[in-house]
Amino acid sequence: MHVADPPWWHSGVIYQIAVSSFSDANGDGRGDLRGIIDKLDYLNDGTPASLGVDAIWLTPITGSPLRDFGYDVSDYRSINPRFGTMADFEALLAECHARGIRVIMDLALNHTSDEHPWFLESRSSRDNPRRDWYVWRDGKAFRRPPNRWRAVIESSAWTRDPRTGQFYYHAFLPFQPDLNWRNPAVRDEMFATARFWLDKGVDGFRLDLINFLYEDEHLRNNPYQPGWHPYGWQRHLYDRSQPESFETVRTLRHLADAYPGRALMGEVYTDRPEDCLACLGDGTDALHLAFYLNFATRWWHARDYRRSVEWLEAHIPPSAWPCYYLNNHDLPRTYSRLSRRKRRDAEPRAKLAAAMLLTLRGTPILYYGEEIGMPTSHLPRRQFDDPVGKRLWPLPFGRDGSRTPMQWTAEEGAGFSDGEPWLPLDASYAVRNVADEGDDPHSLLIWYRRLIRLRSETPALREGSYRTIAGTPKDVFAYVREAEGQQVAVFLNFSGRVRDVGRCLRAGVGTHQNAEGNTGPDADADRVWRVLLSTRHAAGEEIDRDAAQLDGYEVLIVGQA
Ligand code: NOJ
């Protein structure tokens, strides 16, 4: 493949929309599909005045009682009336496609809602034809579950149903019973669901908990290990990442390949990055993109990010493609997380993190509101919606704080809704909002726009190879991206103090690398480095190789052609 012609999921920027919280067109206080249509120009109108993203990923929009943000499906093939109608969805697809924006749907294949008609039938009696659509087992004794597996949130992954006296399995919350993927009828139904939406024209799926589809057939117990959270006290050898799940990923890929230009992106919930690789296969036969808790749980250390990138670069098959994200609907927001103890530094840190995300080799996934620096909101318990927050309170694992409504303007309602928002707005909307930041050339929003534009105009950043620049100060993460004879060097100073990087530039940065991986002088060392984008220098400025220094938190992106 020529680098000028990569698939959209390689070269594009994906923007995650939490549908309930993005934009409310009908005034009921909850975001909806028409609301998203109203904001498409903000996302990409084809001019530098818009954000410039290439795809949107919608959190679940199908039938659901919305007890877990739609990840509790009660109908896989209809649009939830809270979000609109099928006609609204078709209009959204058409409007997106007219602008060149792809649409990725969330698909939770591991479990349904306990209100799904299949589960209602399944639980009704032991001999119901749908009994085997879910995972039912006898307990060890009256109240003793079949084994010691824990749910991600609950103490046991098994709940006893008094109606039939058996236990059903749920990897997540008790109202989200796991489907039995060993049943061919379940598999057929789920594959048909995927085809249903692909036939409608969606460009891909974000596959929820994709490594959870199967559990060990013999229900073997997991060994114990030390951990900071009850779920982590077990080594999850038998309840997730089973070979059958990876096999299913291949089947899904085969299915998607029948529809040109579609992509599968999977959430791999694991502490083993190897599971993520297993979901990518050889890069052509499994998921197109796979992500795990990588950047999103890192603290503010250049070394940690560098190591994680280097690990992935060293292990990912040549035909597979990385992807990165900083936050999402399950995790604290970047703006707050990266500067927990240094509030004053939130802005430059957020700018640096954005530059890293948007210049690495891999598809960046943004989370709505990240581009304007929305913080994690602190809601009183009585306003919680998230079942995880309610269950684990006062532990700080609730997710509502990352799901507050998008802040469009400083006006009442923040331009999100004319009604009472389903979750309270964060008070920061008065100063952090799209309208005001769009008018401020130094804002985070304008910085994101410029980064996304630079990425889309620069083949080395979109598709180029990656190489760490050796020999930088320890709190500077620096790398070279290279494609078609073009080199771009990125310097990220994670420290709030001045750092010297002249040595790296003098050495000709990435033009030469010896067997030990060190950069060294070579014939290109005399070429001039010019600023492409920086938090300090103007674009086009020539960088003095002998005196190159980075200010605290400076981002310096330079090019050599
Ligand atoms: C992962 C999703 O991101 C999360 O929001 C959801 O609660 C669980 N899967 C269960 O579906």
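The model is predicted: local features need pLDDT of at least 70, side-chain atom pairs count only at pLDDT 80 or more, and totals for chains, interfaces and linings use all residues. Residues are numbered from 1 along each chain as its sequence is written, and side-chain values use heavy atoms, with hydrogens and water left out.

Ser156 sits in the loop between β6 (136-137) and β7 (158-160). Here helices (H or I, at least four residues) and strands (E, at least two) are DSSP runs, numbered from the N terminus. Leaving aside residues up to four places away in sequence, Ser156 touches Pro145, Trp149, Arg150, Ala151 and His170; contact means heavy atoms within 4.5 Å. Tyr231 is 75 residues from Ser156 in sequence, and their C-alpha atoms are 9.6 Å apart in space.

Now look at the ligand. Around it (a heavy atom within 4 Å) are Asp68, Tyr71, His111, Phe172, Arg206, Asp208, Leu209, Glu267, His329, Asp330, Arg399 and Arg403. By class, this shell has 3 nonpolar, 2 polar and 7 charged residues. Ala, Val, Leu, Ile, Met, Phe, Trp, Tyr, Cys and Pro count as nonpolar, Asp, Glu, Lys and Arg as charged, and the others, Gly among them, as polar.

Next come two helices. α5 (residues 86-98) and α7 (residues 184-200) pack at about 55°, with axes 11 Å apart. Axes are lines fitted to C-alpha atoms over the stretch in contact, and angles run from 0 to 180 degrees between N-to-C directions. That makes α5 oblique to α7, since angles under 35 degrees count as roughly parallel, over 145 as roughly antiparallel, 65 to 115 as roughly perpendicular and the rest as oblique. Met86, Phe89, Glu90 and Leu93 in α5 meet Phe196, Trp197 and Lys200 in α7.

Finally, visit the loop between α13 (387-392) and α14 (434-438), where Pro394 is found. A cis peptide bond joins Trp393 and Pro394, with omega about 5°.
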